[in-house]
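Subject: Structure handover

Hi,

Here is the structure I promised to send over. Have a look at it first, then read on for my notes.

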Amino acid sequence: MSDNQLLSKNEKMLKNISGYIGEVVYGWIDGIVTTFAVVAGFVGAGASATLGDIWPLAVVLFGLANLFGDGVSMGLGKYLSTKSEQDIYHREWNNEKIATTEYHEKKYTDTVAILMEQWVEQIEAEQMTDIMVKHPELWIKWQMDNVVWMPDVRDEKPIAQWLITLFSFIVFGAIPLIPYIFLWEGYDYWTISLVMTGWSLILLGIVRWYITKMNFIGTVAQMVVLWTVAAAVAYWTGDIVMKLQ
């Protein structure tokens, strides 16, 4: 295999992997924040005092139930969302395909007009349109991009998106539960869960910064703020509910 072929293969692999970064980040942040909210709610409600020695088990059971239930729900939501977008895209594609045949002259005129609106000279706009007319698939794709304004989602893989979202949600969402699962004697479970969740979200912020190339401090700070707000809301909700008893 030549160097160029190897490079092309690697670039294709990286492109395929990067196409699922959104699902990884989505599952990561929602999984860890959702599960951490369960832990914080138990702590805020004073579970260690009201449930006695079984309170870590209660945290684990509720946390895992939430983790798998929400994970499957999120994954299916992503699957159905992508499938719906693909169905709509195919429907509009067929509509444009029919329109280019039944209303050929109008579509031709509209294409030239749109190209001219995009600062293309009339002669060049007509030449470009003539080329697209000779390649119907190219013409329909151009209309989907410039007339219907719909992103091309035909190559997206709903099942893969579902599984990656689910996997990411469960793997990262389990982080706040780790100290309660392993029952590290002599340690403060809540503090360890708090620290592990915080570092995981900081790592997520770094990953987002690496992908988006936006401001490093701002990107990481967003994760820290999210973590703080989620912890505070869940903790104080549990505390308030217990005081109302």
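Below is what I found in it, starting with the overall fold.

A quick word on the ground rules: this is a predicted model, so local features need pLDDT of at least 70 and side-chain atom pairs count only at pLDDT 80 or more, while totals for chains, interfaces and linings use all residues. Residues are numbered from 1 along each chain as its sequence is written, and side-chain values use heavy atoms, with hydrogens and water left out.

Overall, the protein has 11 helices and zero strands (DSSP runs numbered from the N terminus: H or I of at least four residues for helices, E of at least two for strands). Of its 245 residues, 35% count as buried (buried is under 20% relative accessible area, exposed over 50%, partly exposed in between, with a 1.4 Å probe and protein chains only). Taking contacts (heavy atoms within 4.5 Å) between residues at least 6 apart in sequence, 72% join residues at least 24 apart.

Now the helix pair I'd look at. Helix α2 (residues 21-44) packs with α8 at an angle of about 35 degrees, their axes 7 Å apart (axes are lines fitted to C-alpha atoms, for helices over the stretch in contact, and angles run from 0 to 180 degrees between N-to-C directions).

Next, α10. Several of its residues are buried, including Y189, W190, L201 and L204. At the start of α10, a side-chain oxygen of D188 comes to within 3.1 Å of the backbone nitrogen of W190. Just after the helix, K213 has a positive phi of about 60 degrees.

Two tryptophans have positive phi as well. Most residues other than glycine have a negative phi. W119 has a phi near 70 degrees and sits in the loop between α5 (104-117) and α6 (122-134). W149, with phi near 60 degrees, is in the loop between α7 (136-146) and α8 (158-173). Are these side chains buried or exposed? W119 is exposed, at 81% relative accessible area, and W149 is exposed too, at 63%.

Cheers

Notes
A polar contact is a pair of N or O atoms within 3.5 Å; within protein, one must be able to donate a hydrogen and the other to accept it, and residues adjacent in sequence count only if both atoms are side-chain atoms.
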